Amino acid sequence: MPAKLSAQHITMTFQRDGKSTRVLDDIGLEVGQGEFVCIVGPSGCGKSTLLSTMAGFLSPTSGAVKIDGDAVTGPDPRRIFVFQERGVFPWLTVEGNIDFGLFRLPRPERRRRVDHYIKMVGLEGFEKAYPAELSGGMKQRVEVARALAVNPDMLFLDEPFGALDSITRLTMRGELLRIWGAERNTIVFVTHDIDEAVQLGDRVAVMSDRPAKIQQIVDIDIPHPRDLSSPRYLELRNGIFKQLGLAHKV
Amino acid sequence: MNSTAEPKNWEKLFWPVLACALFLALWHYSVVWTATKVFPSPLAVERGMAELARKGLLWAYIGDSLRRVALGFGAATALGIPLGLTLGWYPAANQVVNPVLQMLRPISPIAWIPIAIILFGIGDITATFLIFLGAFFPIVVACVSGVSNVPSMFRRAGRNFGLTPPQLLARVVFPAALPQIIIGLRIALGIAWLVMVAAEMIAVDSGLGYLVIDARNSGKRYDLVVAAMLLIGVIGLALDICFRKLKDIPSVRWGFRHES
């Protein structure tokens, strides 16, 4: 499988108050076409920095990100970055948000896509609602729909379910897998939740603390839908816990 | 009635009306008991207003004052919003211009009267210019801070969808800053209405501000002075209420969640 995205020797150093902090240290990662890759690591380790670099919002101090063989030089509508639900525009309705990126398309096509993705994320009846009237989970769906509506090849998701309650989070994971099953975008998903990573990803890249390196890449060889009590699931999950030096006793 | 209970509809009207009635009664009896010859009673003021209406001055003066405020405030909005957005958008430009703005801002428009008269003579333009000055700075400052407070996440999302900088300004930064801009406009309109009185006292011979000074100068008509004061208060309140309605527009309501 040819690599859709390849991050080569990514190093990132931030200068602050005359001190330089190395956040990313020689990161290499390849993501295949249509693959769902999760990146886990301790909080503050630089996962989001890596994702921002892949999406073109930050340029690395050294190294390069290539997508389809071309170096990434900036953000691009073919690759949409999804934040936590706070990225939804509060001044637009659900429809307006989903339509936001479609301004280059003819009107009937815009209408068609807005309707299609409202249905896909299950927000029928809320077309004219403003984000302030929606729950956190619904806002997150709006943001995912806004991203999908422009037909991106890739989605970068930065802890998208981090602000949701645990029940909604579980539902949203199922929704995301269902949507991914239908659309097959390439997905890079950053999370600090190991369970989430093992439930969603084809592969899980485990990052170390700062300066972050990729410690290990784990293949999650369990077909969807995944049984969260199967021995294989628990084995993979526990392996990552161990890799991060976490005891799973409370 | 406790503080969490939603006031009933009749209560929303009843208590303010009662308070006004009490205020008028207090005023009336104060005049009667002190037997003052100078300060007019509410009834005298009412007669004064009726007299103005008969002479056709009441609506003419109200119209003139509103027109000057509309022009001065309108010009301040038309110039202040683009300037404020530009300065907020280009922090480097703001660093250059900001010290001058901050120095001009605390100068009361009243201090500009001599300069304004040299520049524009005595007349409508001077009065409108002073009102403009009063409204201009709060609008610029609100726009600058509105734009710089736009969460970077919104700008990033806009750039991600391929917006050019002008599109980003129009479709993301402006709507995101709009609630704060509206607050600035409301403050500016309040100031414009205050400045109107002073401006009309010195520069023109019509309007509510002129009525205050003219009624005193030509025959010490304190009933008309107080009538003009009441009109200024009531119209100012009405303008503010209209402006407050703006925050019920759906696309800006999100910015006023934590306000009453």
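We will take the features in turn, from whole chain to single residues.

Modeller: Gladly! Please keep in mind that this is a predicted model.

Biologist: Let us begin with chain A. How many helices and strands are there in chain A?

Modeller: Chain A has seven helices and ten strands. Its radius of gyration is 18 Å, close to the 18 Å that the globule rule gives for 250 residues, so chain A is as compact as a globular protein of that length. Along the principal axes, its C-alpha atoms fill a box of roughly 50 × 45 × 40 Å. Of the 250 residues of chain A, 43% count as buried.

Biologist: How do I read a strand, and which residues of β3(A) are on one side and which on the other?

Modeller: In a regular strand, side chains alternate between the two faces of the sheet. In β3(A), A:Phe36, A:Cys38 and A:Val40 are on one side, while A:Val37 and A:Ile39 are on the other, and all are buried. Both faces of this strand are therefore covered, given that a residue is buried if 20 or more other C-beta atoms lie within 10 Å of its own.

Biologist: Now the nonpolar core. Which residues have the most contacts inside the largest one?

Modeller: The general idea is that nonpolar side chains tend to be buried together in soluble globular proteins. Here the largest nonpolar core has 135 residues, and those with the most contacts inside it include A:Phe156, A:Val204, B:Ile131 and B:Cys143. Helix α8 (residues 165-203) of chain B gives the most to this core, with 20 residues. For a closer look, take B:Cys143: beyond its neighbours within four places in sequence, its contacts include B:Gly80, B:Leu85, B:Ala177 and B:Ile181.

Biologist: Where do the chains touch, and what gives the most on the side of chain B?

Modeller: 15 residues of chain B are in contact with 16 residues of chain A. On the side of chain B, α7(B) gives the most, with six residues. By class, that side has nine nonpolar, three polar and three charged residues.

Biologist: What span should helix α10 of chain B have?

Modeller: At 1.5 Å a residue, its 24 residues should span 34 Å; the end C-alpha atoms of α10(B) are 35 Å apart, which agrees. Among its buried residues are B:Asp223, B:Leu224 and B:Ile232. What covers the buried residues of α10(B) includes α2, α8 and α9 of chain B.

Biologist: Finally, which backbone angles deserve a look?

Modeller: Most residues other than glycine have a negative phi, and most peptide bonds are trans. A cis peptide bond, with omega about -10°, joins A:Arg210 and A:Pro211; A:Pro211 is in the loop between β9 and β10 of chain A. The peptide bond from A:His224 to A:Pro225 is cis as well, with omega near -10°.

Biologist: And is B:Lys220 buried or exposed?

Modeller: B:Lys220 counts as exposed, with 11 C-beta neighbours inside 10 Å. B:Lys220 is not a glycine, although its phi is positive, about 45°, and its place is the loop between α9 and α10 of chain B.

Definitions and conventions. Residues are numbered from 1 along each chain as its sequence is written. Chains are lettered from A and ligands numbered from 1 in the order in which they are written. This is a predicted model: local features need pLDDT of at least 70, side-chain atom pairs count only at pLDDT 80 or more; totals for chains, interfaces and linings use all residues. A nonpolar core is a set of buried Ala, Val, Leu, Ile, Met, Phe, Trp, Tyr and Cys residues joined through C-beta atoms within 7 Å. A residue is buried if 20 or more other C-beta atoms lie within 10 Å of its own, exposed if 12 or fewer, and partly exposed in between; C-beta atoms are placed from the backbone. Helices (H or I, at least four residues) and strands (E, at least two) are DSSP runs, numbered from the N terminus. Two residues are in contact if their C-beta atoms, placed from the backbone, lie within 7 Å. The radius of gyration is taken over C-alpha atoms; the globule rule is 2.2 Å times the number of residues to the power 0.38. Ala, Val, Leu, Ile, Met, Phe, Trp, Tyr, Cys and Pro count as nonpolar, Asp, Glu, Lys and Arg as charged, and the others, Gly among them, as polar. The expected span of a helix is 1.5 Å times one less than its number of residues.
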